[in-house]
Amino acid sequence: MTPSFVSAILENKASYAVARVLLTLPFWASGLAKLIDFQGGAAEMEHYGFTPGAIFNIAVIIVQLGGSLLVILNRAAWLGAGALGVFTALTILLVHTFWTKEGESAMISMFFALEHIGMIGGLILATILSVKTSRAA
């Protein structure tokens, strides 16, 4: 049984809003960084083989900021979380390719991939909660 003070915190709408902001923090912080330092973001894209870097940087900014905004506002959260989840899965397949590396580099990439998989799970849970709370309203 959940203690009443914990239930009160978890059932508070502000807690849900804070959780959505925190869940999407890695995405919107990265999107803002790529927007503020556009040339650096484009260079990062090209570093990973995505050319032209500017076009890929724009696409990443749109997905990261747009998806985050949809989740945070709880408007079409399924679409925002889905876009962020697909983006995150693609980064595993295209950037954090631990199976192609050796030693410490492989281990670091594997840890990033595992964290990304956990984030995808969190995005799925946020979508489930969004659907359930929308039905209850």
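Visitor: Why is alanine 113 called buried?

Guide: Buried means under 20% relative accessible area, exposed means over 50%, and partly exposed lies in between (1.4 Å probe, protein chains only). Alanine 113 has a relative accessible area of 2%, so buried is the word for it. The model is predicted, so local features need pLDDT of at least 70, side-chain atom pairs count only at pLDDT 80 or more, and totals for chains, interfaces and linings use all residues. Residues are numbered from 1 along each chain as its sequence is written, and side-chain values use heavy atoms, with hydrogens and water left out.

Visitor: Where is alanine 113 found, and which residues is it in contact with, leaving aside neighbours within four places in sequence?

Guide: Alanine 113 is found in helix H6. Helices (H or I, at least four residues) and strands (E, at least two) are DSSP runs, numbered from the N terminus. Contact means heavy atoms within 4.5 Å. Leaving aside neighbours within four places in sequence, alanine 113 is in contact with Ile92, His96 and Phe98. Its C-alpha atom is 9.0 Å from that of threonine 88, a residue 25 places away in sequence.

Visitor: How many helices and strands does the chain have?

Guide: The chain has six helices and zero strands. From the N terminus on, the order is α-α-α-α-α-α. The C-alpha atoms fill a box of roughly 50 × 30 × 20 Å along the principal axes. Of the 137 residues, 30% count as buried.

Visitor: What makes glycine 49 exposed rather than buried?

Guide: Glycine 49 has a relative accessible area of 53%, so it is exposed. Glycine 49 lies in the loop between helix H3 (38-47) and helix H4 (53-73).

Visitor: What makes a space a pocket, and what is the volume of the largest pocket?

Guide: On a 1 Å grid over the protein atoms alone, a pocket is an open set of points with protein on both sides within 12 Å along at least five of seven lines; in a cavity, a 1.4 Å probe fits but cannot get out. Lining residues have an atom within 4 Å of a point. Grid points are joined across faces, edges and corners, and a volume is the space filled by probe spheres set on the points. The largest pocket holds about 690 Å³. Of its 26 lining residues, the closest to the centre are Val60, Gln64, Phe87, Thr91 and His116.

Visitor: Which helix gives the largest share of that lining, and how many of the lining residues are nonpolar?

Guide: H5 gives the largest share of the lining of the largest pocket, seven residues. Ala, Val, Leu, Ile, Met, Phe, Trp, Tyr, Cys and Pro count as nonpolar, Asp, Glu, Lys and Arg as charged, and the others, Gly among them, as polar. By that scheme, the lining has 17 nonpolar, six polar and three charged residues.

Visitor: How do you know that glutamate 44 and lysine 34 meet in a salt bridge?

Guide: A salt bridge needs a side-chain nitrogen of Lys or Arg within 4 Å of a carboxyl oxygen of Asp or Glu. For glutamate 44 and lysine 34, the N to O distance is 3.2 Å. The structure holds one salt bridge. Glutamate 44 lies in helix H3 and lysine 34 in helix H2, so the pair ties together parts ten residues apart in sequence.

Visitor: What makes up the largest nonpolar core?

Guide: A nonpolar core is a set of buried Ala, Val, Leu, Ile, Met, Phe, Trp, Tyr and Cys residues joined through side-chain atoms within 4.5 Å. Here the largest has eight residues: Leu23, Phe27, Val71, Ala81, Leu84, Met119, Leu123 and Ala126. H6 gives the largest share of this core, three residues. Methionine 119 touches Leu23, Pro26 and Phe27, not counting residues up to four places away in sequence.
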